Amino acid sequence: MYIQIVIKNDVGVCFYQILDVFNKLNMRIVKTISKENTLQIEFENVHFKVFSELMKALREIELISDVKTVSFLYDSLHEDSNNLLYKIINENIISLNHKYQIINLSNLAIKTLKLNAKNQKTNFIGESILDFIPGYSDSLKKTNKTLLELNNHKYIAKTYPLKEKDMVNNHKGYILKLEAYDKKILKRKFEAIFFEDLIGESKLFLNTIEVLKNYANVNEPLFLYGETGTGKEILARCSHNYSERKNFPFIVISCASIPDYCLETELFGIKVLSSGRVSRGIFELANGGTVFFDNASEMSSTFQTKLLRLLETKTFRRVGSEEEIKVDVKIICSAQMKLKTLMNQGLFRKDLYYRLNALSIDIPPLRYRKNDITLFCKYFFKEYSHKQTYEAFINKYPQFEKEVLQNFWYGNIRELKNYLLNKIFDVNTSNTFYVDEIDSQQSLLNQLEYEKRSLDVIMKNYEAKIFESLYKNYPSTRKLAKRLGISHTAVANKLKEYVIKLN
């Protein structure tokens, strides 16, 4: 049995008076723990009559201000380590006593309860969990798993009873774990991606990941700058799944695809006055989670104005409603070019730029990650090639790795993937592969050497074949110009001269 005594003053004198009471009742103290003016005592089980006499005698001591029973003792060292554990654990974990009062809870659980609390409490210790989760009741003593809904988010509540020693039906408390029900939906491969799943071992890439991990739990907006195909959205998802927000939604907004006339309803939702029906917008759906603005440089001026107000107040109103709704959302943006350039050109609001650009990082292009190109090749071959391994492929085409490493890959990982898919398909179907597109025309040159044509005609035919071959993999004048190292005007003239069109 356990009791807790609060002492007014003179702890030493009071302690001897307490011992005297126990001695007079022939009761043996098993353990005592003192902390400041609080004393906790564990003693052997006694008859209720003896226990009543103990409590009465203790309350008569003038130096004692309060005496009450407790479920278990708080060891100071255990309490400190337990508090630290709850701070660092990235799960919805809540400790309860036998009366469903909160003893301790993780930082993520505090965030979850705040989203469901009307008065935005900062300290939940001592509060009843039933005040925040009405569906959590005594029935959970029998069933340790149930489905709950908090602030429009569904959770699976798992209860783990803490039993007294040698007692079957007596619980001294419970551990409650809330798992996001939406997590079952996030099992899709793309959405459930983590930093550990990413491909790369170059120092530049590893440094980028380390910075993103440090930024993950910072609530300020994060900006990812990078060329097309560098994986900005994937890195944003990894950052979300690494953070304390991982059990809440991750919603992507394509800034160029939302027209201004439906902007407010998409972002903030709508309340139909005639029926009272409410349709929640993106920010309300993402409450507690992350909103990713893809191609933020494409935001219209109206879009920028609406977003600025949300960032300033953390609140919004649904269309047709006067109710202010407060949300807690982490914002991650991506762009291919620095917004500062657009800001200087008057195309992006300065006040919004300085709010969004709190944290920023440049995603390195693939050409600066030479060590990782081979890793990507191996991955894509394993993923898409069913007839041969990467090692067998290299043995057959030894120049392949060298040629791939020399390419600049302006489309980055996306371009490399598309290129490899074409080559894998060629090998698996026709068993024919040419490493360098220009060298692939060598057989044509050998044939033309024996034909009775002028050098000029032979060279033009050869040049036409080169452009026709390369244009399949570089389907624009600018891309092809970069590949060949000439102006895009020259490329356009050649394509027109040879009547080459992309099929």
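Author: Buried means under 20% relative accessible area, exposed means over 50%, and partly exposed lies in between (1.4 Å probe, protein chains only). This is a predicted model: local features need pLDDT of at least 70, side-chain atom pairs count only at pLDDT 80 or more, and totals for chains, interfaces and linings use all residues. Residues are numbered from 1 along each chain as its sequence is written, and side-chain values use heavy atoms, with hydrogens and water left out.

Reader: How many helices and strands are there in the chain?
Author: Helices (H or I, at least four residues) and strands (E, at least two) are DSSP runs, numbered from the N terminus. In the chain there are 19 helices and 18 strands.

Reader: Among contacts between residues at least 6 apart in sequence, what percentage joins residues at least 24 apart?
Author: Contact means heavy atoms within 4.5 Å. Take the contacts between residues at least 6 apart in sequence. The share that joins residues at least 24 apart is 65%.

Reader: Are helices H1 and H2 roughly parallel or roughly antiparallel to each other?
Author: Axes are lines fitted to C-alpha atoms, for helices over the stretch in contact, and angles run from 0 to 180 degrees between N-to-C directions. The axes of H1 (residues 11-24) and H2 (residues 48-59) come within 10 Å and cross at roughly 155°. Angles under 35 degrees count as roughly parallel, over 145 as roughly antiparallel, 65 to 115 as roughly perpendicular and the rest as oblique. H1 and H2 are therefore roughly antiparallel.

Reader: Where is valine 50, and is it buried or partly exposed?
Author: Valine 50 has its place in helix H2. Its relative accessibility is 25%, so valine 50 counts as partly exposed.

Reader: Which residues does valine 50 touch, not counting those up to four places away in sequence?
Author: Asparagine 26 is 24 residues from valine 50 in sequence, yet 9.6 Å away in space, C-alpha to C-alpha. Asparagine 26 lies in the loop between H1 and strand S2 (29-35). The residues that valine 50 touches are Leu25 and Met27.

Reader: What is the phi of asparagine 412?
Author: Asparagine 412 lies in helix H15 (residues 412-430). It is buried, because its relative accessible area is 0%. It is not a glycine, but its phi is positive, at about 60°.

Reader: How many aromatic pairs does a search of the whole structure find?
Author: Rings of Phe, Tyr and Trp (its six-membered ring) pair if their centres lie within 6.5 Å; planes under 30 degrees apart count as stacked, over 60 as edge-to-face and the rest as tilted. The search of the whole structure finds 17.

Reader: What are the relative accessible areas of tyrosine 100 and tyrosine 174?
Author: Tyrosine 100 is buried, at 4%. Tyrosine 174 is also buried, at 1%.

Reader: Are the rings of phenylalanine 408 and tyrosine 410 stacked or edge-to-face?
Author: Their centres are 5.7 Å apart and their planes are at 15°, so the pair is stacked. Phenylalanine 408 is partly exposed at 48%. Tyrosine 410 is partly exposed at 35%. The answer for the pair is stacked.

Reader: Which residues do ring pairs link into a cluster?
Author: Ring pairs join a set of phenylalanines here. The cluster is Phe268, Phe283, Phe293, Phe303 and Phe316.

Reader: Are helices H18 and H19 roughly parallel or roughly perpendicular to each other?
Author: The axes of H18 (residues 477-484) and H19 (residues 488-497) come within 8 Å. They cross at roughly 110°. H18 and H19 are therefore roughly perpendicular.

Reader: How far apart in space are arginine 483 and tyrosine 410, C-alpha to C-alpha?
Author: Arginine 483 is found in helix H18. In sequence, 73 residues separate it from tyrosine 410. In space, the C-alpha to C-alpha distance is 9.4 Å.
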